[in-house]
Amino acid sequence: MSRQSAIEIAGVSKQFGDFTALDHVDFKIQQNEFFTLLGPSGCGKTTLLRMIAGFETPTQGDILLNGKTISDSPAHRRKINTVFQNYALFPHMTLAQNVAFGLENLGWAKGDIKSRVDEMLEMVHMAQFARRKPDQLSGGQKQRIALARALAPKPEVLLLDEPLSALDLKLRQSMRDELRRLQRETGITFVFVTHDQEEALDMSDRIAVMGNGRVQQIGAPDEIYEAPENRFVADFIGETNFLDGEVTALDGDTATIHTALGIDVTTTQSGVTAPGPAVLSIRPEKIGLEAQAEGETREGTVVSRNYMGGFTHYTVEAGGVSLRVSRRNAQARADRIEVGDTVTLGFQPANARILGQ
Amino acid sequence: MRKQRDIRSYPGLRTLSLVFFAWLYLPIGVVIFYSFNSNRLVSVWEGFSTKWYVSALQNDALMSSVRVSLIVALFSMIFATTIALLAALVITRAPGLKMRRVSETVVNLPLLLPEIVLAVAVLILFSQVGLNSGMFRLVLAHVAFCTPFAFMPIRARLQGMSLDVEEAARDLYAPPLTVFRRVTLPMIMPGVFAGAMTAFVISMDDFITSNMLNSGGGTTLPIYIFSLIRQGTTPELNAISTLLILVSLILATIVLILNARAMRRDG
Ligand SMILES: Nc1ncnc2c1ncn2[C@@H]1O[C@H](COP(=O)(O)OP(=O)(O)O)[C@@H](O)[C@H]1O
Ligand SMILES: [Mg+2]
């Protein structure tokens, strides 16, 4: 892997007065990658994005674009463009003028600007609105123009700060596909910020999960979901059950934990350095309720049932521990499991994960 | 639950409004009406005529005072608006500016001081530095009290304008001056225009300071009108006033239209 990374965040911290918004953040974003910063609101995603764009300066550390530091260049000299959360279109300019703005500042020739603007408006299906002003557009249309405006100057990196959060649900899904398409077609590195895990899992090549001003884990969507490195990530991405327990044996990446459920589970671990208290994380859909369930099994009682159409969610109590289980409704008339039924819980140890406290 | 009553249906409100607006506009209506009166006696209607307009426009002393007022108001407007714009930019945009409130108060101070204090102060100052030229003195003095009037609408628009748009401009490779010229200025233009118009009108309208600084080449329209009144009212006054009302209405309408357009645009 000798490929030059598009963006490198090197030991960046950001302090607002006494408050630490970012704490030694350190990672690389590859060329042509759809990279997502995912984390709860207030964890510093926007701050990091604004430092990459040049609107904030790091208190400590360095930011590199294509291997060269950009910490000293002002925002208007960075070949990076931003799609702002509330679009920030220029209200006094037509859509075509909005898209042309960056190109004019870069000193493009008139003819080139015109053809590029046409091309970009075409690309976001807004060509027929070129002469309108932003106030005549719907939210989704504004979003498209913001994208066209930011992509027109062919930036090295495109930053997107929660670009879909202001759109309604239906539009959001189609804009997801649209964004992925644009990223593939243009080959531009996208840095996408969201607090919506589903959006992140759906769209990204890689995700950096952020929490408390730190990067908690970086990985492909399935790595983040299936192999969380700590409790924060396991909890924030999707749903999970945490079973308290004691690690009794530790061998590198695997460990054996004696859980509160009363069974011993040997599986992969992360963050456990010595035998002692730890948790077992097991996703609701990885637990079976059938009598023939494989792996570790235990009897339990169904205490609640929520029918969701495609899935049914159950809460099952076993040995004083309550577990969430979700089961796909694969058959139209499946055997129904009702509240009060006794079921056999079972899961494959490989589907569970031991996490340090 | 009874529906909340529309405030317009409150008893007596209609009458009260009518009385109020009559009280406000009737005198003005009377002035306009009698400006077309052919009789020399201001309040005795004789017949329709525009002769007072002709005689007003041919009155050299009157026209010269109009010219002084317009020139002084124009320059006061330009200087006051420029100063106000720069002050508003610093006060709303400078990062980590210390004493923001104090700076703002200093700009607005002439609003709080009685004008007579300011007038006496500039008179003393000018006579000490030996500044006698009529119009130049007037412009200097007018800029002082016109600036806060120009400042307020400009600051309001700068504060109301979201910073993202300026960041978006920077993001799209615009250096600071381009950001100002192509984004900030066009977006606050209605405020700048309203500020300029207010400064212009305040300067045109000024009496106390202009009277204090009255000199050979520096008699403004309000001073001249006042001197006419002391000799007894003439129908020419009605004609001049009507023309002034017309000009003010045009200016106010332009400001209103510009603001309405900007409001719609910026959502
Ligand atoms: N200019 C600022 N001054 C002080 N605190 C700030 C500033 N910008 C952001 N913060 C704080 O930094 C934290 C991270 O903010 P932000 O990056 O906007 O989070 P996110 O985008 O992940 O929701 C928040 O607690 C926020 O209050
Ligand atoms: Mg944010």
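Student: Which residues does Leu89(A) touch, not counting residues up to four places away in sequence?

Tutor: This is a predicted model. In it, Leu89(A) touches Asn98(A), Pro134(A), Lys142(A), Ile145(A), Ala146(A), Arg149(A) and Val165(B). What makes each a contact is heavy atoms within 4.5 Å.

Student: Where in chain A is Leu89(A) found?

Tutor: Leu89(A) is in the loop between strand 6 (80–83) and helix 2 (95–105).

Student: Why does Leu89(A) count as buried?

Tutor: Its relative accessibility is 8%. Buried means under 20%. So Leu89(A) counts as buried.

Student: Why is Ala88(A) called buried?

Tutor: The same test applies. Ala88(A) has 5% relative accessibility, and the cut-off is under 20%. Therefore Ala88(A) counts as buried. Ala88(A) also sits in the loop between strand 6 and helix 2 of chain A.

Student: What makes the phi of Ala88(A) worth a remark?

Tutor: Phi of Ala88(A) is near 50°, a positive value in a residue other than glycine. Most residues other than glycine have a negative phi. Asn66(A) also has a positive phi, near 50°. Asn66(A) lies in the loop between strand 4 (60–65) and strand 5 (68–69) of chain A.

Student: What makes a residue part of the surroundings of ligand 1, and which residues are they?

Tutor: One heavy atom within 4 Å is enough. The residues around ligand 1 are Phe16(A), Phe19(A), Ala21(A), Pro40(A), Ser41(A), Gly42(A), Cys43(A), Gly44(A), Lys45(A), Thr46(A) and Thr47(A). They divide into 5 nonpolar, 5 polar and 1 charged. Strand 2 (19–30) and helix 1 (45–53) of chain A each supply at least two residues. Helix 1 gives the most, with 3 residues.

Student: How much of ligand 1 does the protein bury?

Tutor: Taken alone, ligand 1 exposes 560 Å², and the protein buries 59% of that.

Student: How do you know that the length of helix 5 of chain A agrees with expectation?

Tutor: Helix 5 covers residues 169–186, which is 18 residues. At 1.5 Å a residue, the span should be 26 Å. The end C-alpha atoms are 26 Å apart, so the two agree.

Student: Which residues of helix 5 are buried, and what do they pack against?

Tutor: Met175(A), Arg176(A), Glu178(A), Leu179(A), Arg180(A), Leu182(A) and Gln183(A) are buried. The buried residues of helix 5 pack against several elements of chain A, including strand 3 (34–38), helix 3 (110–123), helix 4 (139–151) and strand 8 (189–194).

Student: Why is Val209(A) called buried?

Tutor: Its relative accessible area is 0%. The threshold is under 20%. Hence the label buried for Val209(A). Val209(A) is found in strand 9 (residues 206–211) of chain A. Among its contacts are Leu38(A), Ile224(A), Phe232(A), Phe236(A) and Ile237(A). Gly39(A) is 170 residues away in sequence, but 5.6 Å away in space, C-alpha to C-alpha.

Student: Why does Thr209(B) count as buried, and which side chain does it meet in a polar contact?

Tutor: Thr209(B) has 2% relative accessibility, and buried means under 20%. So Thr209(B) counts as buried. Its side chain makes a polar contact of 2.7 Å with that of Glu115(B). Thr209(B) lies in helix 9 (residues 208–212) of chain B. Thr209(B) also touches Ala119(B), Val122(B), Ala141(B) and Phe145(B).

Student: How many residues does chain A have, and what share counts as buried?

Tutor: Chain A has 357 residues, and 52% count as buried. Its secondary structure comes to 8 helices and 19 strands.

Definitions and conventions: Residues are numbered from 1 along each chain as its sequence is written. Chains are lettered from A and ligands numbered from 1 in the order in which they are written. This is a predicted model: local features need pLDDT of at least 70, side-chain atom pairs count only at pLDDT 80 or more; totals for chains, interfaces and linings use all residues. Side-chain values use heavy atoms; hydrogens and water are left out. Accessible areas come from the Shrake-Rupley method with a 1.4 Å probe; for residues, only the protein chains shown count as cover. Helices (H or I, at least four residues) and strands (E, at least two) are DSSP runs, numbered from the N terminus. Ala, Val, Leu, Ile, Met, Phe, Trp, Tyr, Cys and Pro count as nonpolar, Asp, Glu, Lys and Arg as charged, and the others, Gly among them, as polar. The expected span of a helix is 1.5 Å times one less than its number of residues. Buried means under 20% relative accessible area, exposed over 50%, partly exposed in between (1.4 Å probe, protein chains only). A polar contact is a pair of N or O atoms within 3.5 Å; within protein, one must be able to donate a hydrogen and the other to accept it, and residues adjacent in sequence count only if both atoms are side-chain atoms.
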